[in-house]
Amino acid sequence: MPSDLPSSATAPSSGTPRIAALIVAAGKGLRAGGGLAKQWRPLAGRRVIDWTLDAFLSAGVDRIALVLSPEDQDRWQEFSNRDGILLTAGGSTRAQSVANGLDLLRDHNIDRVLIHDAARPCVSARVIGEVVAALDTHLAAAPALAVTDALWRGGDGYVTGTEDRNGLFAAQTPQGFHLSHIHAAHQQLAANGGDAADDVEVARQAGIDVAIIPGDPDNIKITRPEDFDRAARNLGGDMDVRLGNGYDVHRFGPGDEVVLCGVPVAHDRGLQGHSDADVGLHAITDALYGALAEGDIGRHFPPSDPQWKGAASDIFLRHAAELTRSKGYQISNVDCTLVCEFPKITPHAPAMRAAVAEILSIDLSRVSIKATTSERLGFTGRGEGIAAIATACVVKP
């Protein structure tokens, strides 16, 4: 880093500066639960990262550098053709991932950069705008909240001391910088073999003063499972939430297995129907169509059409899922109850949940498959067939 590098205020550059956002999304983020990196998990009808990207696209940045894990090959394909978004691979640490993003932006005529965590989807236009404005008079600026709670030290479940909270702030992102200066600071960090908790620390290690702008209490970083509920409340707005229900019945006939919720189950009889008679998938499919006010399976796949004779029912459910997304909705969850005396469903329920989650392309935690008997009453109680009841919730932000 040049020894004469200015460390605080700087005159605005000539012309209108080009501004980019650098979104760090290469981490695993599994502490938040769900078995999926938090940036890819659903939130208020969309994924966390979709909210984050839209916040900066709406703010009018000139470019977005999105840092992804090299392991997320399907994610690369998804973003590769989106206007204004540049892609680069993350490193083994956050600092290395940011450095890779800065290297990328250096080749795209960018003057200033806003470095932001993908897991902060609630960032406001006000915070983004004030960080950008602060860079007209400072080399670096970042939002933060003054600590107002008492601070304790603790150990073994007991308070062991207190700390003075005066002058302490809780850091947030985006953290803004003049690109050439933060790029040089990261190069210096790498050359020294160092690491840093965030980019403000990188800048300060390089002698760059960082201005504090007021943060936003709603600009939370999703870290724990309960943070999703708080973020959803912040983002909820006027969401369109719809529920649908489905009901289906198929009678037993000759055969040696039944297909239920996409899983073949050995049995001394089969189920009769125009398709493969998967009563569970049929009920879930009708629940999704119902939420969309799109009729039922018979409307989309008439039983009078011979091409659906013996068809696998996942075809119907995939169509309902694709129709849901084409209308701007995300599938929040589905719940299906199979009603029968036999076969026993519980041993097969995990495989059924997995099959439905795969067909719908949603997380396993959003699929419920369960069973009940009818206490030997009615046609299911007499063992004449199987019924299924399903509920689906779809959400449009």
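**Close-up 1. The surroundings of Ile23 in the predicted model.** Leaving aside its neighbours within four places in sequence, Ile23 is in contact with Thr52, Leu53, Phe56, Ile64, Ala65, Leu66, Val67, His116 and Ala118. The model shown here and in the views that follow is a predicted one. Ile23 itself belongs to strand S1, which covers residues 19–25, and with a relative accessibility of 0% Ile23 counts as buried, because the word buried is used for residues under 20%. A further position to look for in this view is Ser97, which stands 74 residues from Ile23 along the chain, while the C-alpha atoms of Ile23 and Ser97 are separated by 9.8 Å.

**Close-up 2. His116 and the residues around it.** Is His116 buried or exposed? With a relative accessible area of 0%, His116 is buried. When its neighbours within four places in sequence are left aside, the residues in contact with His116 are Leu22, Ile23, Val24, Thr52, Phe56, Val123, Thr173, Pro174 and Asn219.

**Close-up 3. Glu375 and its separation from Cys340.** Along the chain, Glu375 and Cys340 are 35 residues apart, and their C-alpha atoms are separated by 9.3 Å.

Close-up 4. Helix H8 runs over residues 279–291, 13 residues in total, and reaches 19 Å from its first C-alpha to its last, which is close to the 18 Å expected at 1.5 Å a residue. How many of the 13 residues of H8 are buried? The helix is mostly covered, with 12 of its 13 residues buried, among them Val279, Leu281, His282, Asp286 and Tyr289. Just after H8, Ala293 takes a positive phi of about 55 degrees.

**Close-up 5. The salt bridge between Glu294 and Lys327.** The side chains of Glu294 and Lys327 meet in a salt bridge, at 3.2 Å from N to O. Glu294 lies in the loop between H8 and helix H9 (297–300), and Lys327 in the loop between helix H10 (314–326) and strand S17 (330–339), so the pair ties together parts that are 33 residues apart in sequence. Glu294 counts as buried at 13% relative accessibility, while Lys327 is partly exposed, with a relative accessible area of 34%. Elsewhere, salt bridges that share partners join Arg94, Asp117, Arg120, Asp199 and Lys221 into one network, and the count for the model comes to 20 salt bridges.

**Close-up 6. Two further salt bridges.** Asp50 forms a salt bridge with Arg47, with the closest N and O atoms 3.0 Å apart, and both Asp50 and Arg47 are buried. In the other pair, the side chains of Glu163 and Arg153 meet in a salt bridge of 2.5 Å, N to O. Glu163 lies in strand S9 (residues 158–163) and Arg153 in strand S8 (residues 151–155), so this pair ties together parts that are 10 residues apart in sequence. Glu163 is partly exposed, with a relative accessible area of 37%.

Close-up 7. Tyr247, Val249 and Ile389 make a nonpolar surface patch of about 280 Å². Of these residues, Val249 has its place in strand S13, residues 240–253, and Val249 is partly exposed, with a relative accessible area of 33%.

Methods
Residues numbered from 1 in each chain as written. Predicted model: local features only at pLDDT ≥ 70, side-chain atom pairs only at ≥ 80, totals over all residues. Heavy atoms only, no water. Buried < 20%, exposed > 50% of the residue type's maximum accessible area, 1.4 Å probe, protein only. Contact = heavy atoms within 4.5 Å. Patch = residues over 30% accessible without salt bridge, like charges linked within 9 Å, V, L, I, M, F, W, Y side chains within 5 Å. Areas by Shrake-Rupley, 256 points an atom, 1.4 Å probe, with all protein chains shown as cover. Salt bridge = Lys/Arg side-chain N within 4 Å of Asp/Glu carboxyl O. Helix = DSSP H or I, 4+ residues; strand = E, 2+ residues; numbered from the N terminus. Expected span 1.5 Å × (residues − 1).
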